[in-house]
Amino acid sequence: MLFPDTDVLEFESRIKQSKNITLLTHYNPDGDAIGSSVGMYHYLKCRNKEVNLIIPNEFPHFLDFVIDGVPFILGNKELDRVKNILTSTELIICLDFNTASRVGDALAETLRNTKVEKILVDHHLFPDNCYDVVFSHVPASSTSELVYELLYHLEEYKPFLNKPMAQALYTGICTDTGSFSFGCNHKRTYDIVGDLVEAGADVELVHQEVFNTNSEDRLRLLGFCLCERLTIIKDKRAAFIYLSKEDLKRFNYQIGDTEGVVNYCLTMKDIEFGVLITERIDRVRLSFRSKYDFDVNIFARENWNGGGHRKASGGHSFDSLEKVIETLTNQIQNLKL
Ligand code: 5GP
Ligand code: MN
């Protein structure tokens, strides 16, 4: 049993008691954040609930197909409305994040302080202790997989799945495992995928939507990253790519355009640690990826105000881009890989 019976019963009773339920995911949402939230949304709608789906800020266009037809509220567009919902709804389900800070500066305090009961469904290390019920399983491929597991237990081992639900959960699993290339060495993941396909998830369509909808600018930005912005530190088996604000402007950057770029570092045979450094409006963001044993979650926590998973994590700095590159280079030089 993945989750204790008592927690599943608790979840069931809280859902039963609540007419108005709010779903909340993390800032800069990815395929798993959107997939798990939309999957849960459809389930709750099937149980005749009023559902508020709150997404802290915009998500990449290649995820539009997942959320098609589902009403959602953007935290950065309707902040007061969202804060009001978070304090007046009957139940909050938090999906795909561990600490309240991951919902972004504008909402974190409201989430921490609301008196409304909170349930967490997530697969990141070290969840906060501000939730009333926690469904956390770090080895899971994705939060979408955990939403399936939860429904599996709730619905007595044959979860109710309709096509949009199945497709959303499949998209979350597919994107969070880098198309089944990490975090998915478990038979269970494929059993679940089998059920999702049986319930109508269109694997080919998901692939086309997620991976074959690049703009020309996005593809040229990738070429620029690899040609002009890739630094390799061979003796440390590390590589990083940086992008300045001007670089992003030059390629007409849209949200999601740099998604996956960091993984190219790891496609080199002798590279095990890859970093993407991106200069944003108010900070410099870093994405870390590891191929083998090097733990980028610890690296991000200890050095870059961040965290995530062993093989994929993120962080940020308020230093200049130049300073971040210098600091990171020194950290890499000092690594004992
Ligand atoms: P990405 O590099 O794709 O932005 O993030 C990789 C993984 O690290 C994701 O699972 C994401 O949730 C997590 N992550 C990214 N940034 C942060 C951060 O600032 N703090 C924490 N705790 N996790 C992060
Ligand atoms: Mn995830």
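Visitor: Hi! Which residues come nearest to ligand 1?

Guide: Of the 13 residues around ligand 1, the nearest are R102, H124, R285, S287 and R289, where "around" means having a heavy atom within 4 Å. This is a predicted model, in which local features need pLDDT of at least 70, side-chain atom pairs count only at pLDDT 80 or more, and totals for chains, interfaces and linings use all residues. Residues are numbered from 1 along each chain, and ligands from 1 in the order in which they are written.

Visitor: How far is an oxygen atom of ligand 1 from the side chain of S287?

Guide: An oxygen atom of ligand 1 is 2.5 Å from an N or O atom in the S287 side chain. For the side chain of R102, the distance is 2.8 Å. A polar backbone atom of G314 is 3.5 Å from a ligand 1 oxygen.

Visitor: And how much of ligand 1 does the protein bury?

Guide: The protein buries 83% of the 500 Å² that ligand 1 exposes when taken alone, by the Shrake-Rupley method with a 1.4 Å probe.

Visitor: Which element gives the largest share of the shell?

Guide: That's β12, with four residues; strands here are DSSP runs of E, at least two residues long.

Visitor: New topic: which residues are closest to the centre of the second largest pocket?

Guide: H61, T213, S215, R218 and D257, out of 13 lining residues.

Visitor: What domains does the lining draw on?

Guide: At least three residues come from each of domain 1 (5–210) and domain 2 (216–333), with bounds from an automatic or database domain assignment.

Notes:
Side-chain values use heavy atoms; hydrogens and water are left out. On a 1 Å grid over the protein atoms alone, a cavity is a set of points where a 1.4 Å probe fits but cannot get out, and a pocket is an open set with protein on both sides within 12 Å along at least five of seven lines; lining residues have an atom within 4 Å of a point. A polar contact is a pair of N or O atoms within 3.5 Å; within protein, one must be able to donate a hydrogen and the other to accept it, and residues adjacent in sequence count only if both atoms are side-chain atoms.
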